[in-house]
Amino acid sequence: QVQLVESGGGLVQPGGSLRLSCTASRSIFSNYFMGWYRQAPGKQRELVAAFTSGGSTNYADSVKGRFTISRDTAKNTVYLQMNTLKTEDTAVYYCNARRHGVGAATRYDYWGQGTQVTVSS
């Protein structure tokens, strides 16, 4: 088992910025696809941003141009830089580590504890 350690959540005003951090073990960081999800009350969990094959990235349409996922391999850390925050960005944000296993539709996930991001004036 591995623990994904998150930090950076908090309260911010609309239009402000926030950076989330997630540190994993070297093994997980090197062999899993790292990403960020979020879940607002009463809504389904949704992908925010993630690394995919070949180091490419995938973003939710709602955050394109505002959020940036990045990583520091020396620190085994993935970041989510969130700019021009909107009230609708309010949610619990989760760090995710994922890999596909043998067999169709099989996958393995590790999750962070979640960090609250509240965008409000």
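This is a predicted model: local features need pLDDT of at least 70, side-chain atom pairs count only at pLDDT 80 or more; totals for chains, interfaces and linings use all residues.
Biologist: What makes strand E3 and strand E8 a pair, and in which sense do they run?

Modeller: Two strands are called a pair if at least two bridges are found between them. Strand E3 (residues 18–23) and strand E8 (residues 77–82) have 6 bridges, in the antiparallel sense.

Biologist: What holds paired strands together in general?

Modeller: Strands of a sheet pair through backbone hydrogen bonds, and the pairing may be parallel or antiparallel.

Biologist: To which sheet do these strands belong, and in what order do its strands lie?

Modeller: They belong to an open sheet of 4 strands with antiparallel pairing, in the order E1-E3-E8-E7.

Biologist: What makes strand E1 and strand E7 the edge strands?

Modeller: Strand E1 (5–7) and strand E7 (67–72) each pair on one side only, and they are the edge strands of the sheet. Between neighbouring strands of this sheet, the average turn is 15 degrees, direction ignored.

Biologist: Why is Ser-21 called buried?

Modeller: Ser-21, a residue of strand E3, has a relative accessible area of 12%. Buried means under 20%, so Ser-21 at 12% is buried.

Biologist: Which residues are in contact with Ser-21, leaving aside its neighbours within four places in sequence?

Modeller: Among them are Val-5, Glu-6 and Ser-7, as well as Trp-36. Thr-77, Val-78 and Tyr-79 are also in contact with Ser-21.

Biologist: How do you know whether Tyr-59 is buried or exposed?

Modeller: Tyr-59 lies in strand E6 (residues 57–59), and its relative accessible area is 19%. The limit for buried is under 20%, so Tyr-59 counts as buried. Apart from neighbours within four places in sequence, its contacts include Val-48, Ala-49, Phe-67 and Ile-69.

Biologist: What does the side chain of Tyr-59 reach at 2.9 Å?

Modeller: The side chain of Tyr-59 reaches the backbone nitrogen of Ile-69 at that distance of 2.9 Å.

Biologist: What makes Lys-64 and Asp-61 a salt bridge?

Modeller: A side-chain nitrogen of Lys or Arg must lie within 4 Å of a carboxyl oxygen of Asp or Glu. For Lys-64 and Asp-61 the distance from N to O is 3.0 Å, so this pair meets the definition. Both residues are exposed.

Biologist: How do you know that Arg-66 and Asp-89 form a salt bridge?

Modeller: Their closest N and O atoms are 2.8 Å apart, and the limit is 4 Å, so the pair qualifies as a salt bridge. This pair links distant parts of the chain, 23 residues apart: Arg-66 is in the loop between E6 and E7, and Asp-89 is in the loop between E8 and strand E9 (91–100).

Biologist: Why are Arg-66 and Asp-89 called buried?

Modeller: The relative accessibility of Arg-66 is 10%, and that of Asp-89 is 1%. Buried means under 20%, and therefore Arg-66 and Asp-89 are both given that name.

Biologist: Why is Asp-109 called partly exposed?

Modeller: Partly exposed lies between the limit for buried, under 20%, and that for exposed, over 50%. Asp-109 stands at 27%, so the term applies. Its salt-bridge partner Arg-107, with N and O 3.5 Å apart, is also partly exposed, at 45%.

Methods:
Residues are numbered from 1 along each chain as its sequence is written. Side-chain values use heavy atoms; hydrogens and water are left out. Helices (H or I, at least four residues) and strands (E, at least two) are DSSP runs, numbered from the N terminus. Axes are lines fitted to C-alpha atoms, for helices over the stretch in contact, and angles run from 0 to 180 degrees between N-to-C directions. Buried means under 20% relative accessible area, exposed over 50%, partly exposed in between (1.4 Å probe, protein chains only). Contact means heavy atoms within 4.5 Å. A polar contact is a pair of N or O atoms within 3.5 Å; within protein, one must be able to donate a hydrogen and the other to accept it, and residues adjacent in sequence count only if both atoms are side-chain atoms.
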